[in-house]
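Okay, thanks for having me, everyone. Let me put the structure up, and then I'll walk you through a few spots in it.

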Amino acid sequence: AIAGEIQAQDVDSLKVHMPPCMEHLHNEMRREKHLKHWGRMQYGLFLKGIGLSLEQALIFWQMAFEKLTPDQFNKQYAYNVRHSYGMEGKRTDYTPYSCRYIIQNNAPGPGDRHGCPFRHFSAPNQRAILAAHDVDDFDTEDIMSLAQGKHYQIACTRYYEVTRARMLGITDNLKGGSIHDGEGNVGMVASQESIEHPNQFFEQSFLLMKS
Ligand code: SF4
């Protein structure tokens, strides 16, 4: 994994590199001290992909579901965590879900926190995510219209470029038009390819900030 082996207590600090789908799951998990099944699957496999071992995953989820006693956690959830690491049942070593999978499968219902924000969230909730990351009006309208046009992964790619530029502190320097070239790319943080996978988003961001 790109970030090396990750400890349970490192996950919060890595949130800055997560795509909006995973950041949302993380925030809701912290708020509710719980996630429903598909949320645990989507987020848990993503964390596995970024380098959380089974041992650390068990610690992470048990600490996250802090309203449960260790005994309750072990009875209700530990099996599923081990299962997703291929240590139970058919021993399938599950891989993290791709964007396409998340966009096309298991549409979230009431109380669910999984899915792709660009595909499954209401326009006001999409705007709230962009506002929370200080995306300016120009880029907000651009990203919103991509999402409304069902170009979910391109919307995510634009989100990646705009927010990483801000994290690098280069947005202001490039204000006045030059930040947007004709292709809708943001200069030096332009993603080489469109976002196909939440783990790709994470890895690109992690490497970009490290360099
Ligand atoms: Fe997550 Fe992919 Fe949707 Fe981006 S496009 S929010 S990485 S599912």
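**Around the ligand**

So, what classes do the residues of the shell around the ligand fall into? We get 13 nonpolar, 1 polar and no charged. Keep in mind as I go that this is a predicted model.

In total, 14 residues surround the ligand. If you want to find the spot on screen, look for P19, C21, C99, C116 and C156, which are the closest ones.

Which helices supply the shell with at least two residues each? There are α1, at 20-32, then α5, at 99-104, and α6, at 117-120. Further along you have α9, which covers 152-167, and α10, which covers 198-210. The largest share belongs to α9, with 3 residues.

From α2 you have F46, G49 and I50 in the contact, and from α10 it's P198, N199 and F202. Sorted by class, that contact has 4 nonpolar residues, 2 polar ones and no charged ones.

The other pair I'd like to show is α3, residues 54-64, with α4, residues 70-84. Here the angle is about 135 degrees, and the axes are again 10 Å apart. Roughly antiparallel would need an angle over 145 degrees, so α3 and α4 come out as oblique to each other. The crossing of α3 and α4 is right-handed.

Who's touching whom here? On the α3 side it's L54, A57, L58, W61 and Q62. Facing them from α4 are P70, F73, Y77, A78, V81 and R82. By class, the α3 and α4 contact has 9 nonpolar residues, 1 polar and 1 charged.

While we're on α4, have a look at H83, which is in that helix. Is H83 buried or partly exposed? It's partly exposed, because it has 16 other C-beta atoms within 10 Å, and buried would take 20 or more. Leaving out residues up to four places away in sequence, H83 touches E88 and G89.

Where does K33 sit? You'll find it in the loop between α1 and α2. K33 isn't a glycine, and yet its phi is positive, near 55 degrees. With 13 other C-beta atoms within 10 Å, K33 counts as partly exposed.

Then there's N106, in the loop between α5 and α6.

Note on methods. Residues numbered from 1 in each chain as written. Predicted model: local features only at pLDDT ≥ 70, side-chain atom pairs only at ≥ 80, totals over all residues. Near = placed C-beta within 6 Å. Helix = DSSP H or I, 4+ residues; strand = E, 2+ residues; numbered from the N terminus. Nonpolar A, V, L, I, M, F, W, Y, C, P; charged D, E, K, R; others polar. Contact = placed C-beta atoms within 7 Å. Buried ≥ 20, exposed ≤ 12 C-beta atoms within 10 Å, placed from the backbone. Axes fitted to C-alpha atoms, helices over the stretch in contact; angles between N-to-C directions. Parallel < 35°, antiparallel > 145°, perpendicular 65-115°, else oblique. Left-handed = near helix turned anticlockwise from the far one by under 90°.
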